[in-house]
Amino acid sequence: MNRSETRARPAVQPDECPYQRPFPIDFADCPAYLQTEYVGLNLQYQPLPPVWTCQNLVVAERLDRRGAHYARCRLGNEEDRLEWLRRVERESLTAAIEMRREFNREFQDLTIRLWTAKGRVLQAPGDQTAKLALSAQAEEFKTACDAFFERRAEILRGAQVPLEPMKRL
């Protein structure tokens with residue numbers, strides 16, 4: 001499916017998703033779109049090929065036609081989706097700023113020790129003791145960073161930031 005096929009169509013229900021599904025890999029038309037992979041099962045309970053969908057998409061029964069269903073955005077209508085996005089951006093930015101402050105406070109001494117060890121290696125490139133001290137200091141820093149982000153895993157999940165890539169970064 002190409003991007004031109006994802007154009008919004010008029011929604012019958014106010015909270016109905018107006019975009020054609022499944023979504024293409026590069027879908028970006030809806031500001032509240034949270035890409036996730038969906039794997040359905042056939043009638044023999046065998047997996048179907050995976051498709052891209054949205055974490056905010058749920059199935060709802062139409063009130064005007066019993067037994068009829070539609071793709072409902074759990075956030076609500078278009079205005080609700082935009083308000084959610086503004087709130088998430090504000091909360092994410094506030095959380096990121098606070099996390100950065102916490103990181104700087106918590107890692108001030110470790111950072112100074114790490115750069116001091118790096119400076120010793122740069123002053124004496126052949127000094128194996130300095131290199132070993134730098135490696136040990138870097139490992140201590142990495143372990144502390146991993147623990148810092150592990151303690152904040154819930155905040156990262158809420159901001160849609162995967163923990164493992166954050167730790168590698």
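**Figure 1. Ala71 and the residues it touches.** Outside the four places on either side of it in sequence, Ala71 touches Asp15, Glu16, Cys17, Arg21, Leu57 and Val58, where contact means heavy atoms within 4.5 Å. Ala71 belongs to strand S4, residues 69-73. Helices (H or I, at least four residues) and strands (E, at least two) are DSSP runs, numbered from the N terminus. Ala71 counts as buried because its relative accessibility is 15%. Buried means under 20% relative accessible area, exposed over 50%, and partly exposed in between, with a 1.4 Å probe and protein chains only. The model is predicted, so local features need pLDDT of at least 70 and side-chain atom pairs count only at pLDDT 80 or more, while totals for chains, interfaces and linings use all residues. Residues are numbered from 1 along each chain as its sequence is written, and side-chain values use heavy atoms, with hydrogens and water left out.

**Figure 2. The loop between S3 and S4.** Arg62 is placed in the loop between strand S3 (57-61) and S4, and Leu63 is found in this loop too. Is Arg62 buried or exposed? Arg62 is buried, because its relative accessible area is 13%. Leu63 counts as exposed, at 85% relative accessibility. The side chains of Arg62 and Asp64 are joined by a polar contact of 2.6 Å. A polar contact is a pair of N or O atoms within 3.5 Å; within protein, one must be able to donate a hydrogen and the other to accept it, and residues adjacent in sequence count only if both atoms are side-chain atoms. Beyond four places in sequence, Arg62 touches Val12, Gln13, Ala68, His69 and Tyr70. Leu63 and Val51 are 12 residues apart along the chain, and their C-alpha atoms are separated by 28 Å.

**Figure 3. Ala32, in the segment before S1.** Ala32 lies in the segment before S1. With a relative accessible area of 2%, Ala32 is buried. Its contacts, leaving aside neighbours within four places in sequence, are Cys54, Asn56, Leu75, Arg81 and Trp84. Between the C-alpha atoms of Ala32 and Arg65 there are 28 Å, and the two residues are 33 apart along the chain.

**Figure 4. Two backbone details.** Most residues other than glycine have a negative phi, and most peptide bonds are trans. Arg21 and Pro22 are joined by a cis peptide bond, with omega about 0°. Pro22 is in the segment before strand S1 (35-38). Tyr45 is not a glycine, yet has a positive phi of about 60°. Where does Tyr45 lie? Tyr45 sits in the loop between S1 and strand S2 (51-54). At 66% relative accessibility, Tyr45 counts as exposed.

**Figure 5. Helix H2.** Helix H2 has 24 residues, 128-151, and at 1.5 Å a residue should span 34 Å; its end C-alpha atoms are 35 Å apart, which agrees. The expected span is 1.5 Å times one less than the number of residues. At the N-terminal end, Asp127 caps H2: one of its side-chain oxygens lies 2.9 Å from the backbone nitrogen of Thr129. The buried residues of H2 are Ala130, Leu134, Gln137, Phe141, Cys145, Asp146, Phe148 and Phe149. Their cover includes helix H1 (78-123), helix H3 (153-158) and helix H4 (163-168).

Figure 6. Rolling a probe the size of a water molecule over the atoms shows where empty space is left. On a 1 Å grid over the protein atoms alone, a cavity is a set of points where a 1.4 Å probe fits but cannot get out, and a pocket is an open set with protein on both sides within 12 Å along at least five of seven lines; lining residues have an atom within 4 Å of a point. The largest pocket holds about 410 Å³ of space. Its lining has 20 residues, and Met99, Phe103, Phe148, Phe149 and Met166 are the closest to its centre. H1, H2, H3 and H4 are the elements that give two or more residues to this lining. The largest cavity has a volume of about 90 Å³. Of its 13 lining residues, Cys17, Cys30, Cys54, Cys73 and Arg81 lie nearest its centre. A volume is the space filled by probe spheres set on the grid points, which are joined across faces, edges and corners.
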